[in-house]
Amino acid sequence: MDQPGVTAEARKNPWGCVGPTAPACPLTEVMSEQLATQLEEDNSSFSALTGPEVDLLLEDGPDTTSDLMLAQMLQMQFDREFDDQLRREERKFNGDSKVSISFENYRMVHPYEDSDSSEDEVDWQDTRHDPYRADKPQTTPRRGFSRKGKNITTKHDEVACGRKNTARMDNFAPEVQVGDGLGMDLKLSNQVFNSLKQHCYSEQRRSARLHEKKEHSTAEQAVDPRTRLLMYKMVNAGVLENINGCISTGKESVVFHADGGRLEEEPVPGEVVLKVFKTTLNEFKNRDRYIKDDYRFKDRFSKLNPRKVIRLWAEKEMHNLSRMKKAGLPVPDVVLLKKHILVMSFIGKDHVPAPKLKDVTLSSEDMKAAYYQVLQLMQQLYQECHLVHADLSEYNMLWYQEKVWLIDVSQSVEPTHPHGLEFLFRDCRNVSTFFQKRGVGDVMSVYELFNAVTGLSVPVGAEDEADFMSEIVALEKRNEDHIQKRGKKSFPVTSEDGGPPLKPDTDD
Ligand code: ADP
Ligand code: MG
């Protein structure tokens with residue numbers, strides 16, 4: 001049947017010329033191999049097309065023919081997504097904290113592999129021309145001038161010098177903003193350049209000072225980032241379950257309460273304290289004499305920088321506590337020493353620290369009992385542990401389970417320390433004064449107490465403190481000479497070899 005309407009329409013197609021339609025063929029032919037080959041041949045003729053979109057598709061498209069390649073591409077995509085998630089977690093974890101923890105090691109794709117995906121990495125190897133970098137200024141040859149025909153340029157040439165100065169701004173510290181000056185043909189006079197340089201140096205010094213202060217000082221309440229990291233590490237290692245809060249901030253230390261965990265499979269006491277020795281050095285300066293004249297630490301002291309000296313304080317407290325513990329004195333148990341952090345058992349219960357003797361209200365019997373306990377403690381400390389507390393007062397004695405406990409023994413020294421007896425005398429005075437004030441009857445005088453603790457019989461006489469002190473100083477001197485003569489670093493206070501040197505001289 002003739003269809004004139006259709007043919008007429010095909011001729012005047014408004015969309016332009018329609019290509020030849022494939023001739024209709026029976027199904028059997030479509031299926032035939034011959035047709036398949038023909039179609040393939042027709043298909044290959046498409047490669048002759050060179051439209052821009054075809055280029056795009058063919059040229060840079062990744063090769064997806066290999067299954068291995070596809071798998072690797074998928075894996076790469078997966079790894080990148082994993083890393084993105086890791087970055088988000090890292091950011092969330094670190095927040096505004098001064099100490100940040102890097103998850104870098106957990107990333108699947110390392111920066112050099114992942115050259116096209118890192119949105120926040122600086123391309124530090126980019127060596128392309130930087131429009132703001134000044135071209136290298138022409139240098140003057142060794143002979144001090146260059147010549148171009150008749151024109152001689154010396155190294156003092158104003159223009160050359162100015163340009164050179166501009167280029168030298170590039171050497172300023174990275175945080176110094178030099179603006180776009182480097183990219184211009186700017187000539188800086190020597191005077192301007194020098195004052196800029198001077199300003200830049202002083203700024204750098206100032207910012208270094210600020211940085212130092214911020215990073216290394218143990219703030220009144222908090223601790224510095226390094227200390228915090230050490231504390232985190234203890235929690236991570238399972239030594240501590242939890243760090244709860246600050247019990248005290250003194251001049252020399254910050255004390256935290258923590259829940260104990262396990263240390264080398266041994267349980268740590270349920271409640272512990274972390275005594276963090278402050279890393280601000282000022283407070284320790286006037287305490288040098290407690291440590292540098294202590295023969296146990298003398299040799300090491302001189303070789304150490306101030307920061308390490310602070311670790312020595314923590315170490316000293318640990319040694320002194322252990323020595324006291326051995327003699328059965330009521331002191332905290334040492335758990336662990338990590339640099340300037342000493343972990344020890346908590347004196348108190350359920351997060352409530354035992355009160356200091358100064359803060360506790362005791363009945364008169366209890367107060368009297370406390371006094372006799374302190375007497376005995378001082379004697380034991382001196383005679384058995386060969387130690388003088390050197391900061392003994394109602395501030396460093398705790399009242400717990402009807403007992404007086406000694407704490408804060410970092411400054412304790414041996415009686416043979418050049419000032420050991422003076423320290424002891426001061427301790428005796430603190431103790432006598434405190435118990436007298438609290439109304440304990442029959443409190444010994446400071447002189448009697450001193451003799452009772454040491455077992456010496458320094459003449460009390462008219463009870464003139466100056467006389468008593470000069471006796472004590474003379475004893476210390478004799479002691480020092482004795483040590484020097486024998487070339488010994490120490491000797492027992494109750495000496496079997498040649499009589500006790502700590503004996504008041506009755507000859508003179
Ligand atoms: P500082 O040298 O700063 O005086 P201390 O060792 O005296 O340091 O500790 C300060 C305070 O912390 C103490 O007065 C006490 O209240 C508390 N404290 C210290 N050690 C312990 C402990 N083992 N158990 C309970 N409280 C403690
Ligand atoms: Mg104290």
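This is a predicted model: local features need pLDDT of at least 70, side-chain atom pairs count only at pLDDT 80 or more; totals for chains, interfaces and linings use all residues.
## Basis of the model

Local features need pLDDT of at least 70, side-chain atom pairs count only at pLDDT 80 or more, and totals for chains, interfaces and linings use all residues. Residues are numbered from 1 along each chain as written, chains are lettered from A and ligands numbered from 1 in written order, and side-chain values use heavy atoms, without hydrogens and water.

## Helices α13 and α15

Helix α13 spans residues 364–383, and helix α15 spans residues 446–454. Helices are DSSP runs (H or I, at least four residues), numbered from the N terminus. The two axes come within 8 Å and cross at roughly 50°. Axes are lines fitted to C-alpha atoms over the stretch in contact, and angles run from 0 to 180 degrees between N-to-C directions.

Contact means heavy atoms within 4.5 Å. Among the residues making it are L375 and Y382 of α13 and L449 and V453 of α15.

## Helices α14 and α16

Helix α14 (residues 420–437) packs with helix α16 (residues 465–486) at about 145°, with axes 8 Å apart. The contact includes F425 and R429 of α14 and F468 and E476 of α16.

## Ligand 1

Ligand 1 has 16 residues around it (a heavy atom within 4 Å); S253, K275, S345, I347 and K356 come nearest. A polar side-chain atom of K275 lies 2.7 Å from a ligand oxygen atom. For N396, a polar side-chain atom is 3.1 Å from an oxygen atom of ligand 1. A polar backbone atom of S345 lies 3.0 Å from a ligand nitrogen atom.

Notes. Helices (H or I, at least four residues) and strands (E, at least two) are DSSP runs, numbered from the N terminus. A polar contact is a pair of N or O atoms within 3.5 Å; within protein, one must be able to donate a hydrogen and the other to accept it, and residues adjacent in sequence count only if both atoms are side-chain atoms.
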